[in-house]
Amino acid sequence: MPVFDQQETRKPPISQIGAVLWLKTNLFSSWINSVLTLASLYLLYILIPPLLNWMVFDASFSFGTVNFFGFEIKFSEEMATNDNCGRVGACWPYIYEKLYMYTYGFYPRTETWRPNIVFGLTALLFVIVPLVKNYKYKNRVTLSLIILYPLISYVLIAGGFGILTPVDTDQWGGLLLTLIIASVGIIVSFPIGVLLALGRQSNLKVIKLFSTLFIEFIRAVPLITILFMASFVLPLFLESGNYFDKLLRALIGIALFQAAYFAEVVRGGLQAIPRGQYEAADAIGLSYLQKNVLIILPQALKISIPNIVGSSISLFKDTTLVLIIGLFDMLAMVNLTSNDPYWLGREPEGFVFVTMVMWAILYTMSRYSRKLELRFNTENKN
Amino acid sequence: MKKLILDSIGKSQHRGLNFRDLLYNNEARAFFFQVVTFILVVGLFYTAIGNLFHNIEERGINTGFTFLKNRAGFDILPFLGNYLVDYTPESSNFSVFYVGLINTLVVAFIGIILSTLIGLLIGIARLSNNYLVAKLAGGYIELFRNIPILLQILFWYNLFINIFPHPKQSFAFFDIMFLNQRGLYLPKPIPEDGFMVVVLALLVGLIASYFVKKFYKKKHELTGVHTSTWPFSIAFIIGLPIIVFLVLGSPLQFDISVLGKFNLKGGMNVVPEFLALTFALSVYTATYIAEAIRSGIEAVDKGQKEAAAAIGLTPTQSLKLIILPQALRVAIPPTINQYLNLTKNSSLATAIGYPELMSAFGGTVLNQVGQAVEILAMAMLVYLVISLFISILLNYVNKKMAIQGR
């Protein structure tokens, strides 16, 4: 009697499942793709191992004994010198030795707690603002923070006022200076940028003309010419004609430069607001100020937030240019510290270190901007 | 009712203009604000320029543009600008300006070509269905666009002069090209009599191939018969000059660099400053161009490709006639903007001493002469003209590419 003999289900061929399938569809789908894959692998092979060797395997990590928040960590008997570090791999003890310079510049070592508090405050700011998001008085809190934070930071870093030892701006440097220039640049240039954007969109011909001229002129020339203008010519425009503080001059230049770019970003937002919003605001009898502050700007700024962050990223990158007019930001520290006779010729380590720090900050910012863009991009939502 | 309204209008006209009416009159307000702004801005300029003249006089700084005629008195890193202008320290400050301008344009030109090539490659690779290639391209973009351009320029320059070998141990490519810490040594072309004829032949070839293309395009439109024009183009653009070149007996010699005692002699030296600057600018700008190209291709609706396939176009035809024209419309404007950015960023050469406009003229001459106002104004004017030129180009392209509404 024939009995139905159930056979075991055959497994799919190995080429149709798991890793093999993935490899086949993603890397070896055609002969061109196979060639490309092999070429890419070869590219990685010639780039990655030498880099890793230089950065890790051949590098020196003889920091001596490191005090890490009170814990004594012993890396080696004593700290490496420039000579016994060798030239095959990176000499990280140089970075460790110069870490202070890279972070604070020439800031007096006894006063380091002051910039540290400012760093802490900055971090706190990023924690507080999202926390009060649902609080009733969140606008007041945010506004007072925006006014208080720069004031406290300035008092702490610059000193004076009879409380703290004054620290001259010449002594500010490193990452501290980079962050100061970037944040002051953004905070000061933003309101100017909004005003310029409103001016350019205004019906008043004269105001429109001046705003447009300013924006287009600034955007047409490189930042370096503006910085040169600010540092050589700006003092001559003033009655005293004195060359006042170098950092302040650079900041004025950067703020004016950035304002033009912010203005264009905000203008993009203003143009995206439907005409009906303007007309409705006019129809219910709002004044120009009320119309813009209550109706137009909140919507326009919201639309332009991703681009504002994008423009701030550019500003952060541009802060490195101040080294050309003789300010010692983080990048300038590379040449300065490797001119130290004790650590001659350690520019590669310096550049790689600064690159890593800058890249980490900029990459975080750009991820954030992309996240915002996705959040505000309601156009293609289904 | 009508009478009432007319009466009230009449009444208000009788009252004439009083202050209250003026205060709430839009036109009067607009006029007032514009006058105030005008007075403020002009006043600011007037005071600033007055102060400027006062301060300049007090300090004994010269004014005017006569310094341009004075002897420059310093050497410029020998590069293309110098060869074209025949620059010596005895030349005038104006030749420094000229040399700097040429060097800026050279960097911009080569940087634009290189960045476009890299950007195209990376942008297309980013969309590849090969996982590794797409990820590598993405990594390239994330890495290089998030490092400040000045840092990249300084890094490559430093790498060049510290890591690359001494002239004695140059990397040699077929004993024609050499690469060492003093730069790249290329064979120097020396045109002889009659080389101009070859250049002329190339021009004639270009014009001829253009007309051939036009002719066959018209034929295609009239009759639908398609003719490939590329064999004609090759024959005219490459074949014709080669034939003329050979007929005239090769009127072009090459001066190849030879290893001397300490350095390479002869040939054309491309200085490391130029190489580092151009390389860094191209690599950095390419990330933006790649993104522009990617977004351009992604902006083309999927339906377009499907429709092209449905009416029987081959993949090549669909790419050439359907996808690319639409992708380029989105990709070209931001790319042109990046060209402007690249040109502006070339001013960062100041940091490594490549003698372009802001380094040679805005830097060295400014330090020697001290007339910051005139010198910076001239430099800014150059960038203004360049950016004006690029925005005219952009407008032209936008107009040409605009969707033709019916």
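This is a predicted model: local features need pLDDT of at least 70, side-chain atom pairs count only at pLDDT 80 or more; totals for chains, interfaces and linings use all residues.
Biologist: Leaving aside neighbours within four places in sequence, which residues is Asn26(A) in contact with?
Modeller: Residues are numbered from 1 along each chain as its sequence is written, while chains are lettered from A and ligands numbered from 1 in the order in which they are written. Asn26(A) belongs to helix H1 (residues 18-26) of chain A; helices (H or I, at least four residues) and strands (E, at least two) are DSSP runs, numbered from the N terminus. If contact is taken as C-beta atoms, placed from the backbone, lying within 7 Å, then beyond four places in sequence Asn26(A) is in contact with Asn130(B) and Tyr131(B).

Biologist: Does Asn26(A) count as buried, partly exposed or exposed, and which is it?
Modeller: A residue is buried if 20 or more other C-beta atoms, placed from the backbone, lie within 10 Å of its own, exposed if 12 or fewer, and partly exposed in between. Asn26(A) has 17 such neighbours inside 10 Å, so it counts as partly exposed.

Biologist: At what angle do the axes of H8(A) and H3(B) cross?
Modeller: Axes are lines fitted to C-alpha atoms, for helices over the stretch in contact, with angles from 0 to 180 degrees between N-to-C directions. The axes of H8(A) and helix H3 (residues 26-59) of chain B come within 8 Å and cross at roughly 35°.

Biologist: And which residues of H8(A) and H3(B) make the contact?
Modeller: H8(A) contributes Lys205(A), Val206(A), Ile207(A) and Phe210(A). Across from them, H3(B) contributes Gln34(B), Thr37(B), Phe38(B) and Val41(B).

Biologist: Which residues have the most contacts inside the largest nonpolar core?
Modeller: A nonpolar core is a set of buried Ala, Val, Leu, Ile, Met, Phe, Trp, Tyr and Cys residues joined through C-beta atoms within 7 Å. The largest has 139 residues, and those with the most contacts inside it are Ile153(B) and Leu277(B).

Biologist: Why is Pro355(B) called buried?
Modeller: Pro355(B) is placed in the loop between helix H12 (315-345) and helix H13 (357-369) of chain B. Its C-alpha atom is 6.8 Å from that of Asn103(B), 252 residues away along the chain. Pro355(B) is buried because the number of other C-beta atoms within 10 Å is 29.

Biologist: How far apart in space are Thr337(A) and Phe376(A), C-alpha to C-alpha?
Modeller: Thr337(A) lies in helix H13 (residues 330-338) of chain A, and counts as buried, with 23 C-beta neighbours inside 10 Å. Thr337(A) and Phe376(A) are 39 residues apart in sequence, and their separation in space is 44 Å.

Biologist: What separates the centres of domain 1 and domain 2 of chain A?
Modeller: The bounds come from an automatic or database domain assignment, which divides chain A into domain 1 (24-57) and domain 2 (100-376). Taken over C-alpha atoms, the separation of their centres is 40 Å.

Biologist: Which element of chain A has the lowest mean pLDDT?
Modeller: Chain A as a whole has a mean pLDDT of 86, with 98% of its residues at 70 or more. Among its elements, helix H10 (residues 246-272) has the highest mean, 93, and the lowest, 74, belongs to strand E1 (residues 65-68) of chain A.

Biologist: What ipTM and pTM does the model score?
Modeller: Chain B has a mean pLDDT of 83, and 93% of its residues reach 70 or more. The model scores ipTM 0.88 and pTM 0.86.

Methods: pLDDT is the predictor's confidence in each residue, from 0 to 100. Two residues are in contact if their C-beta atoms, placed from the backbone, lie within 7 Å.
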